[in-house]
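Welcome, and thanks for opening your viewer. Let us walk through this model stop by stop, selecting a few residues at a time.

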Amino acid sequence: MGEVKETKTDYSKETPEEIPGVITTTTSAIHNFLKKTKAQDVINWGRKNSLWFMTQPMGCCGVEMIATGCAHYDTDRFGIIPRNSPRHADVMIISGYVTKKYLPALKRLWEQMPAPKWVLAMGDCSISGGPFYESYSTVQNIDEIFPIDVFIPGCPPRPEALIQGFVELQKKITAKKDRGTDY
């Protein structure tokens with residue numbers, strides 16, 4: 001009996017075959033095509049009308065954020081629904097102070113969120129440090145760490161201000177001026 005010689009084929013160097021009648025493409029080519037068509041406007045319409053935010057109330061701003069989701073203000077009518085998992089949310093609301101100990105967990109939550117994703121900074125503590133400005137334990141300039149789309153000032157901001165912040169985010173998504181997607 002003769003010996004069987006085994007040959008190894010290197011598939012990484014092969015070029016894809018041209019198949020008659022079939023057009024092959026890449027994901028980036030599809031994204032570039034969608035950016036230039038009216039389909040992107042339809043996609044943005046869907047995104048702006050289904051903003052699901054992650055609940056992580058901090059300090060007194062967290063109480064106002066919880067009140068915004070209750071029956072009196074009812075953000076559900078706008079398609080703004082609170083989610084408990086970062087894997088289901090596309091909006092992160094940084095409400096209140098961020099301590100240096102909490103920052104790594106907040107970054108991990110941001111990384112777990114699927115794209116496209118947006119950030120709202122709610123309250124003076126998250127925007128500029130508030131009464132904890134230059135404190136040993138709080139993080140300053142949160143906008144250098146996260147790409148903030150909308151700042152909601154106040155100490156604490158009322159639920160109406162949070163709803164107005166969501167409306168401003170919806171306008172940015174429609175106008176393609178948000179920082180959540182790469183246009």
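Although Asn141 is not a glycine, its phi is positive, at about 55°. You will find Asn141 in the loop between helix 5 (124-128) and strand 5; helices (H or I, at least four residues) and strands (E, at least two) are DSSP runs numbered from the N terminus.

A word on what you are looking at: this is a predicted model, in which local features need pLDDT of at least 70 and side-chain atom pairs count only at pLDDT 80 or more, while totals for chains, interfaces and linings use all residues. Residues are numbered from 1 along each chain as its sequence is written, and side-chain values use heavy atoms, with hydrogens and water left out.

Now move to Asp74, in the loop between helix 3 (59-68) and strand 2 (81-83). Asp74 is another non-glycine residue with a positive phi, near 45°, and at 28% relative accessibility it is partly exposed.

**Second stop: cis prolines**

Select Ala115 and Pro116, which are joined by a cis peptide bond with omega of about 0°. Pro116 sits in the loop between helix 4 (103-112) and strand 4 (118-122).

Next, pick Cys155 and Pro156, where the peptide bond is also cis, with omega near -20°. Pro156 lies in the loop between strand 5 (150-152) and helix 6 (159-174).

Select Cys125 to see an example: its nearest cysteine sulfur, that of Cys155, is 5.6 Å away, and Cys125 is in no disulfide. Cys125 is buried, at 10% relative accessibility, whereas Cys70 is partly exposed at 39%.

**Last stop: the cavity**

Finish by selecting Gln56, Met58, Ile93, Ile94, Ser95, Gly96, Tyr97, Val98, Tyr102 and Leu106, which line the largest cavity. Here, a cavity is a set of points on a 1 Å grid over the protein atoms alone where a 1.4 Å probe fits but cannot get out, and lining residues have an atom within 4 Å of a point. The volume of the largest cavity is about 30 Å³. Strand 3 (residues 91-95) gives the most to this lining, with three residues.

Terms used. Buried < 20%, exposed > 50% of the residue type's maximum accessible area, 1.4 Å probe, protein only. Disulfide = S-S within 2.5 Å. 1 Å grid on protein atoms, 1.4 Å probe; cavity = no way out; pocket = protein on both sides within 12 Å on 5 of 7 lines; lining within 4 Å. Points joined across faces, edges and corners; volume = space filled by probe spheres on them.
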